Amino acid sequence: MLSAAASLAASAVLIHTMVQQFFPRKIRDYIFSSAFSFFTRVSSKLTINVHEFHGILPNEMYQAAQTYLSSKISPYTRCLQVAKQEDSKGLEVTMEQGETVVDFFQGIEFRWKLICKEKQKLVLNHRRKDSLTPMLETKFFVLSFHMKHKEKALNVYLPHILQQSKNIKQEEKHIKIYSGDYGKLHNGMIRGTWNGVNFDHPATFDTLAMDPELKRTVKEDLQRFVKRKAYYRRVGKAWKRGYLLYGPPGTGKSSLIAAIANFLKFDIYDLELTEIRSNSWLRLLLVGTANRSIIVFEDIDCTIDFQERKEEDATKSRGRTNSQNEKVTLSGLLNFIEGLWSSCRDERIIIFTTNHKERLDSALLRPGRMDMHIHMSYCSPSGFMTLLSNYHNVDNHTLKPEVERLLREVEATPAEVAEELMKSDDSDDAMRCLVKFLEGKKVEASEENKKEESMVVEGSEIEELKEGEEVEAEKQESIVVEGSEI
Ligand SMILES: Nc1ncnc2c1ncn2[C@@H]1O[C@H](COP(=O)(O)OP(=O)(O)OP(=O)(O)O)[C@@H](O)[C@H]1O
Ligand SMILES: [Mg+2]
């Protein structure tokens, strides 16, 4: 049997070599493809070809299969392709042409083979009246499985691959932060108005010192939001969500934005309203942003003059609009958030930050404008524990009760606490620095209080004096009245 098998193999090799040597490529391809189609016709297998391009456009299914199959490469795969893109975090390992990957999905065997063929392309050259035939490489996957699973393959398996590859890509995605190229806009250019760089901010929800209940609510809100594409369609709303982050400086508003971007793997578009000359610039920038992104307007109270709204309304009521000398107005901004233009992209988060919520126009605060108002406040004892674990990797300390007591008495921002904790690598030293700092703050606060109290006392004295004067004046008046009566 062995000798028979050996001679069979030897003959197969001989035939293969002869075909390779004596037949031109075209005939060779024809022989192989005819043999292939003969075997597929008589077998119970069904094959689906997934080409790299569909017309001139890349075939999304091919790209998805490539990504998906990278995660299915078995230890038996003999030949791999490795690539690294500038933006990608690690190596991209894909199957090499001619290799086969077997994938089991819901108990069904799916075989994938990558084929690479050179095709001759006919190009007519009208000037020289002859035709050129440059070689064109075409790549495609051949997917084969038992015919009885055709429906499942088309309706379940392939959509599953599309979804899985989207998840894998999202996992590997490098987040970017974009800032507007206002110079280009100034020169009348409408493309490439955003410049992006990689965003490597380390803030996450775990490292954020924030009320645990609020943190949980925000995370759940984000998770619900990204899953609700169908819901937003059904209720007829653009798929976006607005957050207003407010609180004193150094309480983690920008850190929360970074944590949200890292959590959702969304890019950030940072809009500088003071640089934007008009509502039309705002619209241009908006259409230049991508889906699955966060649009940020920092310090909104300082960047837009809310008084304008009244002037604007007055202008409109007089039937005049000043398009030449336009500026970003509150109504332009509101249009951006919820007007028709706001729905030109999907899955978007719009974030406003402010240190002074009370200065914002009520139009921005009205229910439905910003979906969630998030108050970032001074460092609480639980926030302090997060910072202690971030900066010193410890869960407890002898000075912890002292710090917690002081934090209940004074207002210190997480940024201030973090700064003290960073002063030394030794947690004991750092904690001592923090206690000293908080005690100093307490003294300052009590002196401040005393000053205010004394001012109030002085004020009341003045008022009392005034009251006394009034009494005197009343007396005089009554005298006058009495006198006149006399
Ligand atoms: N809640 C927090 N949790 C963890 N770190 C924080 C927090 N708040 C502030 N920090 C630290 O302080 C630094 C400054 O905080 P951040 O820029 O997020 O504050 P902010 O509220 O945006 O301030 P501003 O109003 O001035 O923009 C951060 O880089 C971070 O190190
Ligand atoms: Mg900030």
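Biologist: Which residues line the second largest cavity?

Modeller: The general idea is that rolling a probe the size of a water molecule over the atoms shows where empty space is left. A cavity is a set of points, on a 1 Å grid over the protein atoms alone, where a 1.4 Å probe fits but cannot get out, and a lining residue has an atom within 4 Å of a point. Here the second largest cavity is lined by Asp 221, Arg 224, Phe 225, Arg 228, Tyr 232 and Arg 241. Helix 6 (residues 212-226) supplies the largest share of this lining, three residues; helices (H or I, at least four residues) and strands (E, at least two) are DSSP runs numbered from the N terminus. The lining divides into two nonpolar, no polar and four charged residues, where Ala, Val, Leu, Ile, Met, Phe, Trp, Tyr, Cys and Pro count as nonpolar, Asp, Glu, Lys and Arg as charged, and the others, Gly among them, as polar.

Biologist: Before we go on, what should I know about the model and its numbering?

Modeller: This is a predicted model, in which local features need pLDDT of at least 70 and side-chain atom pairs count only at pLDDT 80 or more, while totals for chains, interfaces and linings use all residues. Residues are numbered from 1 along each chain as its sequence is written, chains are lettered from A and ligands numbered from 1 in the order in which they are written, and side-chain values use heavy atoms, with hydrogens and water left out.

Biologist: What volume does the largest cavity have, and which residues line it?

Modeller: A volume is the space filled by probe spheres set on the grid points, which are joined across faces, edges and corners. For the largest cavity this is about 60 Å³, and the lining consists of Asn 279, Arg 283, Leu 286, Gly 332, Asn 335, Phe 336 and Trp 341. Helix 9 (279-287) and helix 12 (330-338) are the elements that give two or more residues to that lining.

Biologist: How many residues surround ligand 1, and which are the closest?

Modeller: A residue is near a molecule if one of its heavy atoms lies within 4 Å of it. Ligand 1 is surrounded by 15 residues, of which the closest are Ala 209, Gly 250, Lys 253, Ser 254 and Ser 255. A side-chain N or O atom of Lys 253 is 2.7 Å from an oxygen atom of ligand 1, and a polar backbone atom of Gly 250 is 2.9 Å from an oxygen atom of ligand 1. Helix 8 gives the most to this shell, with three residues.

Biologist: Is Asp 103 buried or exposed?

Modeller: Buried means under 20% relative accessible area, exposed over 50%, and partly exposed in between, with a 1.4 Å probe and protein chains only. Asp 103, found in strand 6 (residues 100-105), counts as buried because its relative accessibility is 2%. The side chains of Asp 103 and Tyr 68 are joined by a polar contact of 2.7 Å, that is, a pair of N or O atoms within 3.5 Å, of which one must be able to donate a hydrogen and the other to accept it, and residues adjacent in sequence count only if both atoms are side-chain atoms.

Biologist: Where is Asn 393 found?

Modeller: Asn 393 is in the loop between helix 14 and helix 15 (400-409). Asn 393 counts as exposed because its relative accessibility is 69%, and its phi is near 55 degrees, a positive value in a residue other than glycine.

Note on methods:
1 Å grid on protein atoms, 1.4 Å probe; cavity = no way out; pocket = protein on both sides within 12 Å on 5 of 7 lines; lining within 4 Å.
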